[in-house]
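Open the model in your viewer and keep the sequence panel beside it. The stops below are given as selections, each followed by what is found there.

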Amino acid sequence: MLSALRRLIFENAPRDADERTRAFFEQHHRSIILQTDYMFMVLMAVQWIGGILLAIFVSPQTWSGSIPSVHIHVWSALLCGGLLSAAPIWLVWRHPAAPQTRYVIAISQMLWSGLLIHLTGGRIETHFHVFGSLAFLAFYRDWKVLVPATLVVAADHLLRGLYWPQSVFGVLVSSPWRTAEHAAWVVFEDVVLLLSCRQGMREMWSIANQQARLERTRDIVEQEVRERTRELKEAQVAALAASRSKSEFLANMSHEIRTPLTAILGFTETLSDNLKLPENLEATDTIKRNGEHLLGVINDILDLSKVESGKMTIEALRENPVRTLTDVISLVKVKADGAGLALGFEFVGEIPETIQTDPTRLRQILMNLIGNAIKFTEVGGVRVIGRFVHDAHNPYMQFDITDTGIGMTEEQVAKLFQPFMQADNSTTRKFGGTGLGLTISKRLAEKLGGDITVVDTRPGVGTRFRLTIGTGPLDGVNMMQNPMLALNEKDQAKTTTEEEKHNIQGVQILLAEDGPDNQRLISHVLKKAGADVSVKENGQLAMEAALAAWNAGFPFDVILMDMQMPVMDGYQATRSLREQGYTGPIIAITAHAMEGDRQKCVNAGCDDYATKPVDRKKLVATIARQVQDSKMALANS
């Protein structure tokens, strides 16, 4: 049963108080009761010892004059004090926080007050033990504990005041009003303690209510977090699904566009070889130029998609930076010459013979920067200066590309590296371009440990871009004093020509390709290079033809396997051939050029990978290399 006071508090509790508040209140109150029980358990033992000391040193002088002796009070302190302390201590030990425990403690404590008053001969200062004991009992914050304590004090003072006043007041005769006076002071303290208990209970309830609210708030927050986490997981799943869909769409788009481009560019180049009339050559050149432009746009979109999705892989290979820039200059020089522009380059100071970088991506960045400089320059020229910057912690190569072109304003520079943006929208119409090249180049430069910045630009005067890339570790790398001369000497030392490397005369090739246009184009390219070509229009027929020739002892030298065909695609056909013991070289040839497509082909069992539109020289070189490697492996076995 709750006390009347606690019931009153509960009835007046805030409306949002609930059972959890009550639970916290009860838990807090119980902890206070336990602490008070243990306090009284110690106090009972201390009082017993104190009572014995009073009986030995104080009682003899109080009751028997100045001659010390073992008085009956010593025995009363030992026996009565032991009984008064034993019962509460045992109850605290066996039944802590029980109501009967604190009631017994209240009665025993007040009896202890009476015993101590008796042992001191009724000294007035000892009466303060009564008030101190009541104050300690108020620690329980249970007003009912004060009732038996008050009744014990009143009864003790009344009975001893009537029959043995010397033991309680220190006088032989006492007035009944003295007992009433003591009782009044005790009641006064009870009122004060009752108000204190009431205030303490209210504070406990307030704390419990606040704790319950905090717990409810925590539960709400945790539920909200769980809900938001679930929503985030669903959003993440949806985002991943969208990303997969985007990747699949881009891959399919790439395939569908590259496949016809293969035929367009390939047959255009074939036509150019056999045309003599200027107007026909101009027409084929126009088709080829626009086809290559469309292919460049597709590559830019795919590269941006790879960079933004974090799937752009960067290799770390040893590369000669001088040769890299020289190769790029040789490729763009035709464009510069056609525009009537001067194109020059040089290296300043010592240059590392090799650096650790991704050669393909470095060429891509240089091609874009130098190509842009040529595109936006109408008069004058473009100059590229390369130098090595020796930084103890982060050495890097620096390429400055300076043109005498249209230049830019500060506002144009601010949006220069944003996707699908050009410095001026009007330049899109005048000069062309998607606005992706610089964005991709800058992000690639960052992945190579460097950056691209605009060092200087003025409208109508020109622009200077600066490309920096990390060199990687240079331990043991030689420094070239005159890099251009050193490079020319190495070029002159070559004894094997490209034609010798790329000879496929008499090579037996099985071409698995479902597109009639691509069948004719690739067959024409390979036959022109001297190979014998057999064509199959799906993976099933190609697999059967390859196994038949293999088992007959006249295997094909190489298989060109399109990876997307009807009946059986190239992945299935390649895996099936490998499972049946076919060890000849298989080269994947596909319009899928997304990140991971090469590895997918290799995982299926292909030895190499070529993309559409096909590059005639690269395709022939790849075939020649695989045939040579296969012959060397066969000879070594």
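Which residues does T357 touch, not counting those up to four places away in sequence? This is a predicted model, and the tour begins with that residue. Select T357 together with E315, A316, L317, E319, L362, L448 and I469: these are the residues that T357 touches beyond four places in sequence. T357 lies in strand β4, residues 355–357. Its relative accessibility is 3%, under the 20% cut-off, so T357 counts as buried.

Next, select I370 and L467. Within the largest nonpolar core, which has 38 residues, these two touch the most other members. At least two residues of this core come from each of α11 (321–338), β2 (342–348), α12 (359–375), β5 (381–389), β6 (396–403), α15 and β8 (462–470). To see the surroundings of I370, show L325, V328, I329, V332, L343, V384 and I401; I370 touches each of them, with residues up to four places away in sequence left out of the list. Another core, of 32 residues, lies apart from this one, and V92, L137, V145 and C197 are among its members.

Before moving there, stop at helix α15. Is this helix largely enclosed or largely open? Select residues 437–447: 8 of the 11 residues are buried, so α15 is largely enclosed by the rest of the structure. The buried ones to highlight are G437, L438, T439, I440, S441, K442, L444 and A445. After the helix comes G449, which has a positive phi, near 85°.

Now go to helix α6, residues 128–137, and show V130, S133, L134 and L137, which are buried. Looking down the axis, you will find that they cover an arc of only 100°, so they sit on the same side of α6. L137 is also one of the residues of the 32-residue core.

The last stop is on the surface. Select L158, L159, L162, Y163 and W164, which make a nonpolar patch of about 590 Å². L162 belongs to helix α7, residues 143–163. With a relative accessible area of 51%, L162 is exposed, whereas T357, where the tour began, is buried.

Key. Residues numbered from 1 in each chain as written. Predicted model: local features only at pLDDT ≥ 70, side-chain atom pairs only at ≥ 80, totals over all residues. Heavy atoms only, no water. Buried < 20%, exposed > 50% of the residue type's maximum accessible area, 1.4 Å probe, protein only. Helix = DSSP H or I, 4+ residues; strand = E, 2+ residues; numbered from the N terminus. Core = buried A, V, L, I, M, F, W, Y, C linked by side-chain atoms within 4.5 Å. Contact = heavy atoms within 4.5 Å. Patch = residues over 30% accessible without salt bridge, like charges linked within 9 Å, V, L, I, M, F, W, Y side chains within 5 Å. Areas by Shrake-Rupley, 256 points an atom, 1.4 Å probe, with all protein chains shown as cover. Salt bridge = Lys/Arg side-chain N within 4 Å of Asp/Glu carboxyl O. Arc of directions from axis to C-beta.
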